[in-house]
Amino acid sequence: MALLTPQDLENLSVQLEENDATIKKVTGLDVRGICGELYGTKPDSQKIGIIPISSGEGIIGNFASSLLFIAQYFGLNGFITEHPDITGYYEAVSQGADIILMADDHMFVAHNLRNGRIASNHVATGVIYAEIASRFREATSKDILVIGLGRVGYAGAAHLVRKGFNVYACDPNRAFLEKAVQELGISPYCREDRKRFSMVFEATPNPDTISEGMIEERCLVSTPGIPCGLPPEIGRKYRVDLVMEPLVIGVASMLYSVM
Ligand SMILES: NCCC[C@@H](N)C(=O)NCCCC[C@H](N)C(=O)O
């Protein structure tokens, strides 16, 4: 899994503002509205304990401060512990955190100490970005393309199947594709079918995974993937709206899902 870099997290508030405006334009709701409908919850100034974790590749310079910005943006009472790891965990609980946010190199979790609910970033991110794609008001059918069936893509595809969309998906890893066909009943996307989509959920760590023959002239691409799966020239040639932001939208989904 590709790890965030401090550069990915620069100008987070600008990235959020731009993406929230796009989401509102193409779905009719902003991130708060979609998360509220998706989970049936709303923030109630819960105390969020943000714990830096030093394992593996170590602490990412502006990761904790980015989480603090996100907590405050959604009306929550966030704080970053003075110490990392276990000492930080003890500090967060002692200071009355209702929800703990912490991430190592493999898992990023939100754990609500009051109701026991726990969310992982990869599932919450897959679900919210798939949900955004599926709410495209100008969609011409219930057909939706999912590119990438790893932890994030699979979670998004499962969510779309549950919502009754016709999910077509592709992944270079044949085992991932087979698993999704068997377990979710999705249809493998075949380029030869020349089928085009007005809704695309892209969840790969690769650039330029979206090709011209995949999309309709008017299309919404929703992706947490870094780097961007939409080639800029295709985005310019067609009327494509792109929702792509590295952290805030996925963390909002995590927090709303454990409230
Ligand atoms: N959609 C967001 C996906 C984040 C994930 N790909 C990642 O970089 N995880 C590593 C986070 C490491 C945080 C570090 N341990 C710290 O606490 O600063």
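Trainee: What covers the buried residues of α4?
Mentor: This is a predicted model, so everything we say is about that model. The cover over the buried residues of α4 includes β1 (47-51), β2 (77-80) and β3 (99-103).

Trainee: And which residues of α4 are buried?
Mentor: Helix α4 covers residues 85-94, and in it Gly-88, Glu-91 and Ala-92 are buried. Looking down the axis of α4, you find its buried residues within an arc of 100°, so they line one face of the helix.

Trainee: Okay, which exposed residues sit on the face of α4 turned away from the buried side?
Mentor: That face carries Ile-86, Tyr-90 and Ser-94, which are exposed.

Trainee: What follows α4?
Mentor: Gly-96 does, and its phi is positive, near 80°.

Trainee: Switching topic: how is the chain divided into domains?
Mentor: Domain 1 takes in 6-122 + 250-258, and domain 2 is 123-245. Their centres, taken over C-alpha atoms, are separated by 25 Å.

Trainee: How many residues are in contact between the two domains?
Mentor: On the domain 1 side there are 25 residues, in contact with 24 residues of domain 2. About 2,000 Å² is buried between domain 1 and domain 2, with carbon and sulfur atoms giving 57% of that area.

Trainee: How many salt bridges and polar pairs are there across that interface?
Mentor: The rule finds two salt bridges between domain 1 and domain 2. It also finds 13 residue pairs in polar contact across the interface, both residues at pLDDT 80 or more.

Trainee: Which elements give two or more residues to the domain 1 side?
Mentor: Those are α1 (12-27), α2 (31-39), α5 (121-134) and α9 (248-258). The largest share of that side comes from α1, with nine residues.

Trainee: I noticed Asp-241. What does its side chain meet in a salt bridge?
Mentor: Lys-25, with an N to O distance of 2.8 Å. Asp-241 itself lies in strand β11, residues 239-243.

Trainee: Is Asp-241 buried or exposed?
Mentor: Buried: the relative accessibility of Asp-241 is 10%, and the cut-off for buried is under 20%. Leaving aside neighbours within four places in sequence, Asp-241 is in contact with Thr-22, Lys-25 and Val-26, and also with Arg-218, Cys-219, Leu-220 and Val-221.

Trainee: Now Ser-134. Where is Ser-134 found?
Mentor: In helix α5. Ser-134 is buried as well, because its relative accessible area is 9%.

Trainee: What does the side chain of Ser-134 reach?
Mentor: The backbone oxygen of Glu-131, at 2.7 Å. Not counting residues up to four places away in sequence, Ser-134 touches Ile-144, Leu-160, Lys-163, Phe-165 and Met-199.

Trainee: Last one: where is Thr-209?
Mentor: Thr-209 is in the loop between β9 (197-202) and β10 (215-222).

Trainee: Which residues is Thr-209 in contact with, leaving aside its neighbours within four places?
Mentor: Ile-147, Glu-202, Thr-204, Met-214 and Gly-229. Take Gly-229 as one to look at: Thr-209 and Gly-229 are 20 residues apart along the chain, and their C-alpha atoms are separated by 4.8 Å.

Trainee: Great, thanks!

Terms used: Residues are numbered from 1 along each chain as its sequence is written. This is a predicted model: local features need pLDDT of at least 70, side-chain atom pairs count only at pLDDT 80 or more; totals for chains, interfaces and linings use all residues. Side-chain values use heavy atoms; hydrogens and water are left out. Buried means under 20% relative accessible area, exposed over 50%, partly exposed in between (1.4 Å probe, protein chains only). Helices (H or I, at least four residues) and strands (E, at least two) are DSSP runs, numbered from the N terminus. The arc is that of the directions from the helix axis to the C-beta atoms. Contact means heavy atoms within 4.5 Å. Domain bounds come from an automatic or database domain assignment. Buried area is the accessible area (1.4 Å probe) that two parts lose on being put together, summed over both. A salt bridge is a side-chain nitrogen of Lys or Arg within 4 Å of a carboxyl oxygen of Asp or Glu. A polar contact is a pair of N or O atoms within 3.5 Å; within protein, one must be able to donate a hydrogen and the other to accept it, and residues adjacent in sequence count only if both atoms are side-chain atoms.
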